[in-house]
Every structure is written in C-alpha cells, then in structure tokens.
Amino acid sequence: MGTTADAAKLDTWVFDRFEEFMAEAERNDTLASQLKQDRVVLFFHLLGLDTNGHAHRPNSPEYLGNIAVVDAGVRYITDRLDAFFGADGRTAFVLTADHGMSHRGNHGDGHPDNTMTPLIAWGAGVAGPEKVAGTQEAEGGAGRRTKRKKKRQAAVSDGAPAASVASAGRPDAQGALAETADPYAAVPWGLDDLVRRDVNQADIAPLMSVLIGVPYPMNSVGELPLAYLSAPPAFKAAAALANARQILAQFLVKHDSARRASLFAFRPFAPLATPATRHADLLAEADELAAAGAHAAASARARHIATLAIEGLRYYQTYDWLFLRSIVVAGYLAWMLHCLLFLLKSFVAPPSPPVPPPLAASEPAEKSPSPVRPPAANPRAAAARAAAVAASGKTVRFKAAEEPFMLSDSMIDRAAVAVFAGFALLLLAKRASYTYHLYVSFMVYLWAQVAKDRRYLALLLPTGFIRSPDWWLAAAKCAAYLAALMLLVYTYFRREVLSLCLIAAGLAWPETTPAHFQRKNWAVCLGWRFSCVVLSVFTLLPVEHVEDMRLVNLGAFMVLLSGGLAAYLLPRYAPTHSLPGSASPRSRVPLVVLFQLLLVVLSTVVVNDTAARLAAKKGLPPLNQFAAWAILATTLAVPIADARAGSPRHHVRALVVVFLAFAPVFILLSLSYETIFYVCFAHTLFAWVVMERQIYNEIDLPKTRTHVSLLAKKDDDAALRPAAVYRAPTVNDLWSVTLFLFLTNEGFFGTGNIASVSSFSLASVYRFSTGFAPFLMAALLVLKLLVPLFALAAAQAA
C-alpha cells in the first residue's frame with residue numbers, strides 16, 4: 001500500500017482473493033474435490049490491523065474501523081465455507097495474533113500489551129464455553145493463568161471485543177474470564193461468567209494438529225490445551241500421552257547430546273533422572289492409568305511428563321552456561337582493559353614507546369650498542385620520578401621497566417596460539433558450536449594485546465593512579481565508583497533513578513571543589529546545578545505521549561534562541577583562528593552557524609506543515625518528503641564539511657556546530673518534548689565541559705603554569721593552542737568516567753525507555769515516508785536514539 005490511510009485494503013485484498021478462490025472451486029470439480037478432502041488447512045494473514053496500529057495507534061478511528069472490516073470478513077469466511085461444505089460441522093476455526101501492541105502502536109518487548117493476544121477457537125472438535133462455577137467444581141480451577149512469556153488468551157478477551165464473536169454468529173465460541181488481577185480484567189467484555197484459559201503461543205501448534213488429525217510437529221514444545229477439545233476422555237488421554245512422548249523425545253535427544261559432549265562429570269536433569277522419576281516409569285504409569293479407564297488421571301500425568309520434559313530441555317539448553325559465560329566475561333574484561341590502556345597511552349601518557357630520560361650533566365655517558373638505556377636498579381623509584389616530572393607539566397619520558405626474564409611480543413603471540421589451540425581441542429571434543437570458538441578467539445586475542453602492554457602498565461601503576469598517599473581515600477573513591485556502576489545498571493529497570501542521580505551530581509560536584517574555586521567560578525557552578533536539575537525532569541515524564549506540535553515548536557524556538565545567543569557570543573569568546581598571514585583572529589559570526597539556524601527554521605516549517613496534512617488525512621506531499629530528506633542530509637553533512645575547512649576550530653565553536661547540526665533531526669522526528677530534551681541535554685553537556693576545563697586549569701595543573709581560560713577573550717588565542725602536557729591519571733578521574741556513563745544513560749532514557757524498543761513511536765517516521773518500510777523506519781529511529789550520544793561524544797572530545 002502506498003499510504004497508511006488505506007491499510008485496511010491489505011485485509012480486504014485477502015478476502016477478495018478468498019472469494020476468487022472459492023468461486024474457482026465452484027467451477028472446478030478437481031479443486032472442489034481437493035478442498036473436500038480431510039486435513040485441509042486454509043491460512044489467512046490479515047496485515048491491515050498491524051499496519052494501521054503502527055501508523056495510527058490502536059485506539060484510533062482507523063484501527064477500530066479496520067477491526068470492523070476484519071470482523072465482517074471473518075463472518076463472511078465462516079458463512080462462505082458453511083455454504084460450500086453444506087454446514088457439515090466438520091470445519092474448525094482458530095483466530096489469533098502473533099503479537100499485541102502498545103498504546104503507541106509498537107511491539108517487541110515483554111510488556112503484557114505486546115505478549116498477550118486473543119485466541120478464539122470454535123467449530124468442529126472445539127469445546128464450548130464453560131460457566132465459572134461448573135468449571136471450578138469439575139476441573140478444580142482449570143481456568144488458571146500461566147506465567148510464561150507469550151501468553152495467549154484462550155477465547156474472547158484482551159485483544160478482541162465480544163462483539164466480534166457475536167457478529168460471527170458462533171454461540172459455541174470459547175469464553176474467557178480473568179480470574180487474577182491484570183489490566184485486562186477491568187475491561188467490560190461481558191464475559192465475567194465464563195472461564196478464561198491462558199495458554200502459551202507454542203500450545204496452538206499441537207491444538208491445530210489434534211483438530212485436523214495430523215502428527216504433532218517434530219520440534220514443537222507446545223503442551224496440548226485439553227480444555228479446548230470437545231472429545232471423549234479416552235481421546236484426550238491418548239492425545240495428551242502422544243504430546244508427552246513427542247516432547248520427551250526431544251528431551252532425550254538433548255540429554256544424549258549433552259552426555260556425549262560432557263568431558264567431566266555429567267549432571268543429568270534431576271527431576272527425570274532419579275529412580276522414582278525416570279521417564280520410562282512415568283510413561284508406563286500413565287499408560288496403565290489410561291488402560292484402567294482413569295483417563296483424567298492419565299491426562300494429568302501426561303501433562304506432568306510434558307512439563308518436566310520442557311523444563312529438562314531448558315536445562316540442557318543452558319547446560320554449559322557457566323563455561324560460556326566465563327569465556328564471555330573474561331573477553332569483556334580484556335576488552336575493557338585493552339581500551340583503557342589504549343586511551344591512557346593515546347591521551348594521558350606519551351603514545352610513543354618508552355625511552356630513557358636524558359642523562360644529567362653529572363652522570364657519565366654509557367657506551368652501549370643498544371639505544372635503550374639498561375634498567376635502573378630501582379624501577380619503582382624511576383617510575384615515581386617520571387610521575388613527578390609529569391606533575392610538573394613537562395613532557396614525560398618513561399624508562400623501560402625491569403622484567404624478571406625477557407618476554408618478547410612474539411613469545412606472547414606463540415603462547416596465545418597455544419592457549420587457543422587447547423581451547424579449540426576442548427571445544428571440538430565437546431562438539432560445541434562454532435560461536436564458542438569465536439568467543440574464545442576474541443578472549444585470547446584481547447588478553448594477548450593486554451600482555452603486550454605490560455611494560456606500560458607496570459610504569460603506570462606506581463604513578464598515583466593506584467598508589468596514593470591517602471590510600472584509604474582512594475579506596476573509598478573506587479568503592480563509590482563501583483556503587484555508581486551498580487546504580488547505573490538499576491537505571492535500566494527504573495529510569496526515574498537517573499533523576500535522583502542527576503540532582504545529586506548537580507548539587508554535590510561543585511561542593512567537592514575548593515572554596516576559592518567556587519567563589520571565582522560561581523556562574524559556572526550555578527549553570528551546572530541548574531542544567532542538571534532541569535534535565536532530571538525528563539526521566540520522570542511518561543514515555544508514551546501523543547503528538548503535541550506546541551511542544552515541538554517550543555523546542556524549535558529554544559534551539560533558535562540558544563543558537564542565536566551562541567552566534568552572538570562566539571566572535572567574542574571563541575574566535576575563528578587566524579589564517580596564515582592574518583594579524584588577528586577573525587571576529588565575525590561564523591557563516592556555518594547562520595546556515596544551520598536557517599536549516600532549523602526550514603525544518604520547523606516543514607514539520608508543522610507535514611503534521612497538519614497527515615492529521616487531516618491528506619497524505620505526505622512529495623515536496624515535504626523531499627524537503628525533509630534534503631534537510632536531513634544537509635544538516636548531517638555540515639559538521640563534516642566544517643571540520644575539513646582547514647583552519648583550527650575553537651572547541652566551543654565545534655560544540656555549537658554539532659548541537660545545531662542534530663537539532664533539525666530532532667525537530668523532524670519529534671512528537672512532543674523530545675527537542676526540548678535535546679536542548680536541555682546539550683546545555684548540560686556544555687556546563688560539564690566548562691566545569692571540567694576550569695577544574696583542570698585551576699586545580700589540576702600546577703599553579704605556576706599559565707592559566708588557559710575556557711572563555712578566552714578574542715585577543716587571547718591561547719585557548720586555541722593545544723596543550724602539550726601530559727599528567728599521570730588519578731583516582732579522581734573516575735568521576736569523569738562515572739558522569740560520562742550516567743549522561744550516556746540519560747541520552748538513552750531521556751525521551752523513552754531504550755530497554756523497551758516499543759516505547760519509541762513510529763508516527764514521526766511517517767514525516768519521511770508513509771510506506772511500510774521496516775528497515776527505513778528502524779534506521780530513522782536508531783538515528784534519533786543516537787543523536788544525544790553523538791552530542792555527548794563531541795562534548796567528551798572537547
């Protein structure tokens with residue numbers, strides 16, 4: 001379909017093809033005879049509801065109208081088949097959905113809105129509805145709820161109104177009642193007197209197999225829902241036993257595979273391995289019950305066997321979890337350590353290999369064929385001396401650390417190959433998947449790279465990063481860092497925790513600085529506190545929100561206001577570097593910023609006109625679509641072109657360019673307050689950069705060093721000169737890392753719940769394309785999610 005307005009035609013197209021098929025069957029005797037054979041399945045895939053739900057959300061008139069279309073189509077199909085088969089009562093109908101949908105028209109996570117769907121069955125072989133009192137007495141509470149993922153409603157509940165079944169004209173449709181408290185129990189379905197039976201999605205496969213009389217699928221793990229069947233007890237018992245044997249066969253295959261692959265003590269699945277619970281004895285007992293006429297007891301025992309077999313399958317699927325997780329964790333630890341050493345070598349200590357310090361005038365020259373000076377007798381003292389030199393603001397030249405024996409990089413490579421070969425032989429003996437070999441190879445490779453950096457690590461440890469005069473204070477800071485990491489993990493479950501963390505960071509960080517720093521930089525501290533408190537509001541807002549162009553326009557106005565203020569102040573505080581031959585820095589407003597402000601205005605105009613046309617069901621005009629794509633491509637290319645312009649750029653100017661480059665992206669893809677969040681997030685990043693630089697210039701650097709202000713006047717281009725000074729890392733640097741991680745989560749969770757993909761609406765994507773293009777939609781949503789991270793990366797680089 002070309003637009004979302006006609007998505008219901010996806011369903012009417014199916015019904016039209018069905019009518020053509022039935023008309024051909026009435027004319028073609030061969031096709032008619034094929035249809036009248038046993039075990040014939042007609043499958044109808046109705047995609048219109050899914051498309052309209054994504055485009056207009058489930059409570060929209062379009063979605064509700066599409067339900068009426070499907071409702072009438074289902075009735076038409078049942079009437080047409082009854083007429084063709086002469087109402088012989090030998091046709092069974094199963095109506096269900098593969099997933100649910102959130103209020104925002106998305107799905108994909110584990111929320112009940114997305115995992116609970118209707119399952120409506122009627123016709124031949126299907127039991128009719130049961131009254132609550134009669135079911136509880138006869139079945140002992142068969143209307144229970146299961147707790148597994150992908151719950152599927154047995155009958156008329158969650159996703160389908162009762163009117164849809166009534167209009168189908170099937171008085172024997174399976175009913176439902178919510179016996180436990182959930183969001184769907186309060187919905188007035190008019191079915192409170194009927195039993196609700198919840199099943200798993202996988203249970204539909206064995207149900208359909210029994211209804212048409214074919215063997216169960218070989219790899220099915222569904223448990224036959226006996227309450228759905230209208231059949232004699234003996235038939236139910238036989239079907240349940242066949243279902244148990246089919247699942248048990250899969251369990252035995254997994255059991256034998258795990259036993260053969262186990263190189264050490266094999267640990268079988270205990271519930272089916274003890275003498276009292278052996279599967280053969282349980283099956284024999286169930287067969288004896290069935291032969292004795294105790295069909296209900298035989299069915300219960302068969303269901304118990306099937307449940308144990310499914311649990312055993314899960315047990316053997318995760319049998320090697322300890323080994324695999326150990327390999328993965330070791331690989332991640334090596335990756336983190338390797339990245340840390342890379343960053344330290346690249347940005348903290350000189351990236352060149354360690355070279356000996358220059359000889360003092362009083363020291364005699366050594367005649368040695370080697371260009372590297374022999375190690376000193378006390379390498380720790382030499383390293384400490386190098387750290388002292390680093391603290392003084394001079395270039396650090398490290399001395400090679402003394403090793404108990406010569407260990408070359410080639411020896412490390414050969415050892416890594418030997419370790420991998422040993423793991424490979426072990427995995428081959430275990431008949432492990434090739435992915436296990438990949439995990440091991442990454443782990444061995446990364447640890448080998450870490451081992452090659454052993455000299456640098458040995459020099460780094462004594463410099464103050466680990467050793468500190470106040471070791472207890474350093475240990476406390478490290479413990480606080482670990483606690484912050486644990487709190488960071490908790491934010492994935494409760495995004496509101498980020499609000500408390502931001503408020504705490506905003507209020508506490510300036511208080512950790514000396515009093516003279518707070519007095520001198522009171523405006524910087526106040527800006528940091530204010531930006532953190534404002535940003536903390538967004539993780540308290542609901543992730544589901546409807547389109548509100550007033551908030552979108554307010555965000556665009558805030559972007560223009562911030563960009564205009566930056567354009568006014570940049571010539572004063574962040575002038576463009578002088579070109580060769582120029583006498584002074586250029587003091588005019590950068591043209592790139594003015595161009596970006598123009599793009600912000602254009603994106604605001606386009607998004608307002610597009611939203612109005614889509615709301616009026618006029619579709620997406622081609623001119624608006626072209627303008628949106630042109631603005632997107634142009635604004636993303638601006639920072640790349642500006643960086644390649646040739647002359648050096650002040651870091652504040654670079655931050656402004658990056659901020660304005662991604663603002664049109666947020667404006668075009670915003671439904672509510674997302675652009676406002678982006679502005680507040682960018683202001684917080686700027687305040688963070690200012691605080692970090694002022695603390696570095698006034699506290700971390702020696703007092704004798706010339707002060708380099710972040711807001712250097714236009715006649716002072718010192719801020720444009722890169723500092724060629726390296727300092728030893730300290731425990732205090734963990735604060736910057738912690739804040740970076742929390743701001744990363746804030747960027748993810750500020751406008752939604754990144755842990756739930758369904759919390760991000762697809763409605764904004766239709767401003768670029770109204771066609772059903774899953775990959776394009778996903779790409780635009782991912783771009784919107786990553787924009788705050790791009791801004792954070794730019795702030796970190798500044």
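Q: Helices (H or I, at least four residues) and strands (E, at least two) are DSSP runs, numbered from the N terminus; how many helices and strands does the protein have?
A: This is a predicted model, in which local features need pLDDT of at least 70 and side-chain atom pairs count only at pLDDT 80 or more, whereas totals for chains, interfaces and linings use all residues. Residues are numbered from 1 along each chain as its sequence is written, and side-chain values use heavy atoms, with hydrogens and water left out. On that basis, the protein has 27 helices and 4 strands.

Q: What share of the residues in the protein is buried?
A: Relative accessible area, from a 1.4 Å probe and protein chains only, sets the classes: buried under 20%, exposed over 50%, and partly exposed in between. The protein has 798 residues, and the buried ones make up 43%.

Q: What share of the contacts in the protein with a separation of 6 or more comes from residues 24 or more positions apart?
A: A contact means heavy atoms within 4.5 Å. Among the contacts in the protein with a separation of 6 or more, residues 24 or more positions apart account for 75%.

Q: How far apart in sequence are the parts tied together by the pair of Phe-251 and Tyr-316?
A: Rings of Phe, Tyr and Trp (its six-membered ring) pair if their centres lie within 6.5 Å, with planes under 30 degrees apart stacked, over 60 edge-to-face and the rest tilted, and a search of the whole structure finds 23 such pairs. In one of them, Phe-251 and Tyr-316 are tilted, with 5.7 Å centre to centre and 45° between the planes. Phe-251 is buried at a relative accessible area of 3%, and Tyr-316 also counts as buried, at 6%. Because Phe-251 lies in helix α9 (residues 233–261) and Tyr-316 in helix α11 (residues 295–317), the pair ties together parts whose separation in sequence is 65 residues.

Q: Which residues does the ring-pair cluster containing Phe-251 comprise?
A: Phe-251 belongs to a cluster linked by ring pairs. The members of this cluster are Phe-251, Phe-266, Phe-269, Tyr-315, Tyr-316 and Tyr-319.

Q: Are α21 and α22 roughly parallel or roughly antiparallel?
A: With axes taken as lines fitted to C-alpha atoms over the stretch in contact, and angles running from 0 to 180 degrees between N-to-C directions, α21 and helix α22 (residues 591–615) pack at about 170° with their axes 10 Å apart. Their contact includes Met-549, Val-552 and Leu-570 in α21, and Val-593, Leu-597 and Ala-611 in α22. Angles under 35 degrees count as roughly parallel, over 145 as roughly antiparallel, 65 to 115 as roughly perpendicular and the rest as oblique. The two helices, α21 and α22, are therefore roughly antiparallel.

Q: Is Arg-39 buried or exposed?
A: Arg-39 is found in the loop between α2 (29–35) and α3 (48–56), and has a positive phi of about 60° although it is not a glycine. With a relative accessible area of 57%, Arg-39 is exposed.
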